[in-house]
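Colleague: I'm new to reading structures. Could you walk me through this one, feature by feature?
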Amino acid sequence: MLQRYKNILVPIDGSYEAELAFKKAVEVAKRNGKETKLQLVHVVDTRAFQNISSFDTAMVEQVTETARKTMDGYVKEAKEAGLENISYSVEYGAPKVIIAKDLPKELGTDLIMIGATGLNAVERLLIGSVTEYVTRTADYDVLVVRTDLDNKPALSKEQHVKTNNILN
């Protein structure tokens with residue numbers, strides 16, 4: 001029996017790795033049928049604002065507006081690819097817990113498609129990888145996207161830009 005996922009969650013953080021996860025999630029959703037839901041999420045890490053002494057709500061609003069514009073672009077791209085059942089949310093809090101636990105439970109997620117971490121070894125040691133946490137603790141299937149649409153190892157964003165500049 002072929003496994004069909006009906007509710008796919010894709011965290012979007014603006015990274016190249018998240019973009020690859022989104023593109024692959026669109027293809028998986030298309031293969032699984034029109035009733036498949038593709039749900040995108042961007043989590044504003046509110047801990048980043050705790051260190052700002054003069055907390056400014058305008059800053060949060062600006063981050064939220066930027067996230068919404070980015071998400072609108074992804075929704076448009078998914079619809080142009082033929083998906084009909086797509087939505088997004090902008091959440092606030094700790095990305096690890098929201099992506100691994102809270103949101104999948106709330107949305108009835110059966111697959112989380114997440115980009116491989118863009119952090120270097122020192123950053124992973126100090127703050128930990130959201131991807132690593134999700135794969136370790138989520139109660140749902142998790143697919144970590146490490147390759148492009150041709151299933152070739154994904155280049156880093158810098159390598160990707162450099163390669164495109166050379167080809168153009």
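Colleague: How many bridges join β4 to β5?

Modeller: First, the labels: helices (H or I, at least four residues) and strands (E, at least two) are DSSP runs, numbered from the N terminus. Two strands pair if DSSP finds at least two bridges between them. Here, 5 bridges join β4 to β5, and these strands run parallel. In one of the pairings, I114 sits opposite V144 of β5.

Before we go on: this is a predicted model, where local features need pLDDT of at least 70, side-chain atom pairs count only at pLDDT 80 or more, and totals for chains, interfaces and linings use all residues. Residues are numbered from 1 along each chain as its sequence is written, and side-chain values use heavy atoms, with hydrogens and water left out.

Colleague: In what order do the strands form the sheet?

Modeller: It's an open sheet of 5 strands, ordered β3-β2-β1-β4-β5, with parallel pairing. At the edges you'll find β3 (86-93) and β5 (141-145), each pairing on one side only. On average, neighbouring strands are turned by 25° against each other, direction ignored; axes are lines fitted to C-alpha atoms, for helices over the stretch in contact, and angles run from 0 to 180 degrees between N-to-C directions.

Colleague: What does β1 pair with?

Modeller: Strand β1 (residues 7-11) pairs with β2 (residues 37-45) in the parallel sense, over 5 bridges. For N7, the bridge partner in β2 is K37. Another 2 bridges join β1 to β4, again running parallel, and I8 stands opposite L111 in β4.

Colleague: Are the faces of β4 covered or open?

Modeller: The general idea is that side chains in a regular strand alternate between the two faces of the sheet. In β4, L111, M113 and G115 are buried on one side, and I112 and I114 are buried on the other. "Buried" means under 20% relative accessible area, exposed is over 50%, and partly exposed is in between (1.4 Å probe, protein chains only). Helix α1 (residues 16-32) lies across β1, β2, β4 (111-115) and β5, at about 145° to β4.

Colleague: How many aromatic pairs does the structure hold?

Modeller: Rings of Phe, Tyr and Trp (its six-membered ring) pair if their centres lie within 6.5 Å; planes under 30 degrees apart count as stacked, over 60 as edge-to-face and the rest as tilted. This structure holds 1 such pair. The ring centres of F22 and Y74 are 4.6 Å apart and their planes are at 65°, so the pair is edge-to-face. F22 belongs to helix α1 and Y74 to helix α2 (residues 57-80), so the pair ties together parts 52 residues apart in sequence. Both F22 and Y74 are buried.

Key:
Contact means heavy atoms within 4.5 Å.
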